Amino acid sequence: MISRWLTYLSFACFGVLSLLVLQMTRRPLCIDSKVVERIDKLSDKGSDTIYRCAVNKETPYSAYFGQQAKELGTRIQQTEKLLESIEPFYKKIQITIMDEHPLLYRIQGHHLFIGSKLLEAPGHLEKALAKIWYRERNETLFAQQDLMEEVFTDFLVYLQSGDLDIGDPNTHLTTAIRKVKWPYILKSVPSYCESSWKQSEHFAICQNVADAEGELKEQVTELSLRPLLVSNWIHSYMKLSMKDRYEFVGNLVRILRADHSIPLPMVTEQIMSAMPEKTLVKAAEAIKNTNLFISSSKLAKDSVAHRTFVANLTNELRSSGFQDAFAEASFDVLLVSQEPLSDDSKTFAEFRKIAKAHPELQFALRDQNNLWMLPAQYPIPLATFGQIRANRTIVEKCGGYNFSYVMDYADTTEKLLVVDRCDHSKAVEYGMFLSDGAEGFGIQNKGVAFVQFHLPSLLMKKAELEQVSNVFEFIQKRDVENPSFKSLGWKEVRWSQQANAYQPKAFVDAIEWFRIPGQDRL
């Protein structure tokens, strides 16, 4: 009996000893990171804390970190591995997760405050680590510093994951690397707030568009450039050889440090003073300045990879529509309305449908105050733009006009279709105009008066036509003795039964098609 009790007691002591040893050797919940020193989670129920594993600091068990520590550690490790391979962090980082402010995003030195919803969405934690690393090294202050930080850190996130997947926790949309066109990336504040490309810091303010309008109005033009610049950066990098990619990434730190051959612009007020209302000029200046940040680096003297990247970037921007005429917006088709437009008008709905069906073409609508770059729903103030050009321009106009009115468009378009638009109850459609030009417009819109001009040809006869006060009366009268009419050199005027319109044949193709108001045949 005694031996049996001794046996039981031995097993019991062994079990207790094993538990004590296990307790002594058990590693507390921790984060596998060299850089993140601690993570706190704050909620209305209290707070939880874990440290990096090397600290080996005992903390109360946390159900949240019990579930999330491994995933958080993986995300942090993947990002810091890339950044530390370029150059190690200078200081340790602290992260505070906020339950009561789910969209908060603030970086104060080496301390990140991030809302629980933004933490769960892809990319924002990684972006924050990249921003802290960037700020440690950035010794250069210049006019577009915030934009440069976004582009540079997006590029770092791309290098880490092979993609740029930064998500919106509300819409579940993510950023996407795709070819974008200048100036289509320009946004209004509502469009910016709907975009997955808004800064992580702006998710909270964008919950209230009225508040966002007040706070972001002065920044939105510059912030809109992010997808254009990031996409072109990545495409330029991908065109490098593998050897040059390795060299370019290794030199990123040198780009950040104050090592530029010419001073970078600190402010843009002097540039904007002549045209303060033309924010397109401001956007173009921002692109030039961010490119100057790269191209003026002294790396250009001793790095073939860097010079190749700069050349690639210049070509990418040019292929995206950013030409030397920096304040210019260029479209394939532009409709100009004399009446105010809105996103619920029939014209807007039709053109938006056409734009979605033809993504390879650039469409825009404008009235006297705003311009819509379709298929975007929200307008950009017309005062934003300097010069607006289009291959084909449609003007909806009520009433007569002279040739001087037509020639006012000579610097901005090649073909001008002026549509007589006094009766807005009558539907006007433009689908066939896109495919078949003015003849198609005539086929699709019986009874609507119009004239299509070829402006380079019309300019040849500018002096002879300046005295004409009404284009429709001039065409209808067809006074063959009138010197102005003679200047057009009409040999014959063909009637198209199908288009229900006229096509002049002339030595100068200034007027290509026309239909007189209220009249089928001359």
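Here is a short chat about a few local features of this predicted model.

Biologist: Happy to start with the ground rules, please!

Modeller: Residues are numbered from 1 along each chain as its sequence is written. In this predicted model, local features need pLDDT of at least 70 and side-chain atom pairs count only at pLDDT 80 or more, while totals for chains, interfaces and linings use all residues, and side-chain values use heavy atoms, with hydrogens and water left out.

Biologist: Why is N500 called buried?

Modeller: Buried means under 20% relative accessible area, exposed over 50%, and partly exposed in between (1.4 Å probe, protein chains only). N500 has 12% relative accessibility, so N500 counts as buried.

Biologist: And what makes N56 exposed?

Modeller: N56 has 52% relative accessibility, and therefore counts as exposed.

Biologist: Where does N56 lie?

Modeller: N56 sits in the loop between β3 (46-52) and α2 (63-86). Helices (H or I, at least four residues) and strands (E, at least two) are DSSP runs, numbered from the N terminus.

Biologist: How do you know that β2 and β4 pair?

Modeller: Two strands pair if DSSP finds at least two bridges between them. Strand β2 (residues 36-43) and β4 have 6 bridges, in the parallel sense, so they pair. Within this pairing, R38 stands opposite Q94 in β4.

Biologist: What makes β4 mostly covered?

Modeller: In strand β4 (residues 93-98), 5 of its 6 residues are buried.
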